[in-house]
Amino acid sequence: MHKFSTILVTGGAGFIGSNLIRYLLGEKSGFTGRLVNLDALTYAGNPESLADIEQQHGGSRYFFVKADICDRPAVEKAFADYAIDAVCHLAAESHVDRSILGPEAFIRTNVMGTFTLLDVARNAWKGRDDVLFHHVSTDEVFGSLGDAGYFTEATPYDPRSPYSASKASSDHLVQAYHHTYGLPITLTNCSNNYGPYQFPEKLIPVMILNMLEGKPLPVYGDGRNIRDWLYVEDHNAAVWAVMQKGAIGHTYNIGGENEWENIKLLDRLIEIVAEEAGKSVGQLRALISYVKDRPGHDRRYAIDCSKIKAELGWKQSVDYDGGLRRTVRWYLDNPRWIERVRSGEYRSWMDTNYSKR
Ligand SMILES: NC(=O)c1ccc[n+]([C@@H]2O[C@H](COP(=O)([O-])OP(=O)(O)OC[C@H]3O[C@@H](n4cnc5c(N)ncnc54)[C@H](O)[C@@H]3O)[C@@H](O)[C@H]2O)c1
């Protein structure tokens, strides 16, 4: 069992990162050390997501460093100031649609930023074996599936968007630093996360908020693309299990075993929002608007996560319906967070970029 005293979480002000910090500082994780959240606060980073954590643990177990992962001196300073002995690397440009319109930021942050972190870690740790660099990646690196089959840890990489290509590059760099320099690493590739604090440019929050505001519900193409959905807390419990018990140099797939066609997911979400927000299912359904498909839209992703289940004893704990309902309730209960997120540099992707089919 690996034990860490100070973990550097990169991208901790984003969706998964803020949930991870809340999870690690909560009772379920058993972690008793300190967390340093290093985040550049791009349009996707929102310190508001951690206001309660800052209040409760700021200056004792939680520290925030505003820095870009490409800024080598700033990353070196964080390592030295806080005596970092583990990294959980989440900082990334993460939105596929944005990567199609402007790939450069994705290459910079996801490739160069990951390289910078790895190189700083290698120099700071100088061959120590009581340290860990954990890299959080995506199932999108494996490409697209047909109707059958699953991605396993042995599936060859076949990234097809600038986003997935940049994440694939970062995965290769992480493995290369292990093989070449002996840096202790673990790596996880997960499916689509959903839950609280997700930015309202990703499918589930876009749909929930548009339903609440009576705006169109944009569905790409024929709506029959399939994704596997994983509740963010289950994902973070899996990441933590890998960090503590995973075999060094190994990759673990994390999935929800929960595949849905986009249009079916939307149907269920409509029913839940109707119940929770007192709206009419018919009126919400009338908002569905089919839009021009995303270029190169991968048809199906599905994860085989039997390795992490068998080797580390992890399993999903939140069923899909329960997770969706919790997510809807969270967006209903947190209008202030939504307002704050939308008041910054962030602009709704849909308002400016979707065109009706
Ligand atoms: N959300 C998903 O469903 C999903 C699925 C698979 C993998 N992932 C991976 O998980 C990680 C987190 O995803 P997310 O959905 O929370 O992303 P997010 O976009 O919500 O958050 C990304 C965070 O990284 C920060 N960041 C961006 N560029 C930075 C830079 N150059 N330096 C420092 N900080 C920077 C942002 O400010 C933000 O806080 C990413 O690596 C992503 O590829 C996400």
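Trainee: Before I dig in, what are the ground rules here?
Mentor: The model is predicted, so local features need pLDDT of at least 70, side-chain atom pairs count only at pLDDT 80 or more, and totals for chains, interfaces and linings use all residues. Residues are numbered from 1 along each chain as its sequence is written.

Trainee: OK. Is strand S2 mostly covered or mostly open?
Mentor: Mostly covered: five of the six residues in S2 (residues 34-39) are buried. Buried means 20 or more other C-beta atoms within 10 Å of the residue's own, exposed means 12 or fewer, and partly exposed is in between, with C-beta atoms placed from the backbone. Strands (E, at least two residues) and helices (H or I, at least four) are DSSP runs, numbered from the N terminus.

Trainee: How does S1 run relative to S2, parallel or antiparallel?
Mentor: Parallel, with five bridges joining S1 (residues 6-10) to S2. Two strands pair if DSSP finds at least two bridges between them. Val-9 sits opposite Asn-37 in S2. Between S1 and S2 the chain passes through helix H1 (residues 15-25), and that β-α-β crossover is right-handed. Right-handed means that, with the strands pointing away from the viewer, the path from the first strand over the helix to the second runs clockwise.

Trainee: And what about S2 with S3, how many bridges?
Mentor: Five, again in the parallel sense, with S3 covering residues 62-66. Asp-39 has Lys-66 in S3 as its bridge partner. From S2 the chain goes through helix H2 (residues 51-57) to S3, in a right-handed β-α-β crossover.

Trainee: Switching to the ligand, which residues are closest?
Mentor: Gly-11, Gly-14, Ala-40, Gly-45 and Ala-92, out of 31 residues that surround the ligand. Near here means a C-beta atom, placed from the backbone, within 6 Å of the molecule or strand.

Trainee: What's the shell made of, by class?
Mentor: It has 14 nonpolar, 13 polar and four charged residues. Ala, Val, Leu, Ile, Met, Phe, Trp, Tyr, Cys and Pro count as nonpolar, Asp, Glu, Lys and Arg as charged, and the others, Gly among them, as polar.

Trainee: Which elements supply at least two residues each?
Mentor: H1, helix H5 (104-125), strand S5 (132-138) and strand S7 (192-194).

Trainee: Last one: why does Ala-274 count as partly exposed?
Mentor: Because Ala-274 has 17 C-beta neighbours inside 10 Å. Ala-274 lies in helix H9 (residues 262-277).

Trainee: What does Ala-274 touch?
Mentor: Leaving out residues up to four places away in sequence, Ala-274 touches Lys-279, Ser-280, Val-281 and Leu-284. Contact means C-beta atoms, placed from the backbone, within 7 Å. Ala-274 and Met-211 are 63 residues apart in sequence, with 8.9 Å from C-alpha to C-alpha.

Terms used. Contact = placed C-beta atoms within 7 Å.
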